[in-house]
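Have a look at the model first, then read on.

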Amino acid sequence: RRAATRLSDLAARYGGEEFAVVLIDTSPEGALTVAEFVRRSVEELQIPHSASPFGVLTVSVGVATRSDERFPRMGDLVVACDKALYESKAHGRNRVSVEIPE
């Protein structure tokens, strides 16, 4: 909730262990800033997690934006975010990855 500070922002559970933060009228740089804030904030909580290679709870974050109408349908944007999320997981977790369309 601390990342979604404007009235137009939305933070919500998207699935079992997945959350989404929707930021209206936000630049790609702004979205990255918020994503890194979320990642760092969770890590700083230092919640023990014995199954994590970090020893604490961390999050992997995927970012995609609709700037310049790169993802014409909302479903395309969700797929892009999911792809970026799995990129973060594949490259060591506890990181932010950005999906850039081809």
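**Overall build**

With 102 residues, a compact globule would come out near 13 Å in radius of gyration, and the protein chain agrees at 14 Å (taken over C-alpha atoms; the rule is 2.2 Å times the number of residues to the power 0.38). This is a predicted model, where local features need pLDDT of at least 70 and side-chain atom pairs count only at pLDDT 80 or more, while totals for chains, interfaces and linings use all residues. Residues are numbered from 1 along each chain as its sequence is written, and side-chain values use heavy atoms, with hydrogens and water left out.

**Fold**
- The protein chain has 2 helices and 4 strands (DSSP runs: H or I of at least four residues, E of at least two, numbered from the N terminus).
- Reading from the N terminus, the order is β-β-α-β-α-β.
- Its C-alpha atoms fill a box of roughly 40 × 30 × 25 Å along the principal axes.

**Pocket lining**
- By class, the lining of the largest pocket has 31 nonpolar, 9 polar and 10 charged residues (nonpolar: Ala, Val, Leu, Ile, Met, Phe, Trp, Tyr, Cys and Pro; charged: Asp, Glu, Lys and Arg; polar: the others, Gly among them).
- α2 gives the largest share of that lining, 8 residues.

**A20**
- A20 sits in strand β2.
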